[in-house]
Amino acid sequence: MPDQAKLVTVFRSADHSAEDEAIEIHDRLAEAGIEAVVLGDDAPGVIEGTWEVRVPAADVPRAEAIVKLPIPEPEDESDVDEEGQSHDLDFVAIYSGQGPEAEMEALSIRSVLDASGIPCVVIGSSQIPSLPFEVRVPKSRLEDARALLEEAQSGSATDSEGA
């Protein structure tokens, strides 16, 4: 830990998120090999209601350059699990059906999706008719696939009404 008297403030904030920002900056400085300390207003010399990050005087130019870099925005929490893995490419069911026509419906849906460049997989077995058929698409393409299938269904309904 560097001597407090020889430290220079490279970040100071009184925003509601100041503590989190100071910790983020501290971590970024540590990744760059710069020893830094985070100080709240309970530390001597820190203005009331603020948070500061201080570094040794020799590291000030590098530290200031790092502090000027924007803090990366976190990914949408709903799409990231506790290990930080995104699930946008996980496959989700867009169709599930059981019965004598389920296989034909699944294959028709796959045909429409394939023709529009939306990747999909059909899950089911003709040999075991008691199991349902499913069509799955990547989670990131789910809304596109739904819109496409709605459009295809409304088009087929219009075609049958005109006949």
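Mentor: Before we start, two strands pair if DSSP finds at least two bridges between them. Keep in mind that this model is predicted.

Trainee: Fine. How many bridges join strand 2 to strand 3?

Mentor: Strand 2 covers residues 37–39, and it runs antiparallel to strand 3. The number of bridges joining strand 2 and strand 3 is three.

Trainee: And which residue in strand 3 is the bridge partner of V8?

Mentor: Look at strand 1, residues 7–13, which pairs with strand 3 in the antiparallel sense over six bridges. In strand 3, the residue bridged to V8 is V55.

Trainee: How many of the six residues of strand 3 are buried?

Mentor: Strand 3 spans residues 51–56 and is mostly covered. Buried here means under 20% relative accessible area. By that cut-off, the count of buried residues in strand 3 is five.

Trainee: Now the charges. Why does R136 count as partly exposed?

Mentor: R136 has a salt bridge with E134, with the closest N and O atoms 2.6 Å apart. R136 falls in it because its relative accessibility is 30%.

Methods:
Residues are numbered from 1 along each chain as its sequence is written. This is a predicted model: local features need pLDDT of at least 70, side-chain atom pairs count only at pLDDT 80 or more; totals for chains, interfaces and linings use all residues. Side-chain values use heavy atoms; hydrogens and water are left out. Buried means under 20% relative accessible area, exposed over 50%, partly exposed in between (1.4 Å probe, protein chains only). Helices (H or I, at least four residues) and strands (E, at least two) are DSSP runs, numbered from the N terminus. A salt bridge is a side-chain nitrogen of Lys or Arg within 4 Å of a carboxyl oxygen of Asp or Glu.
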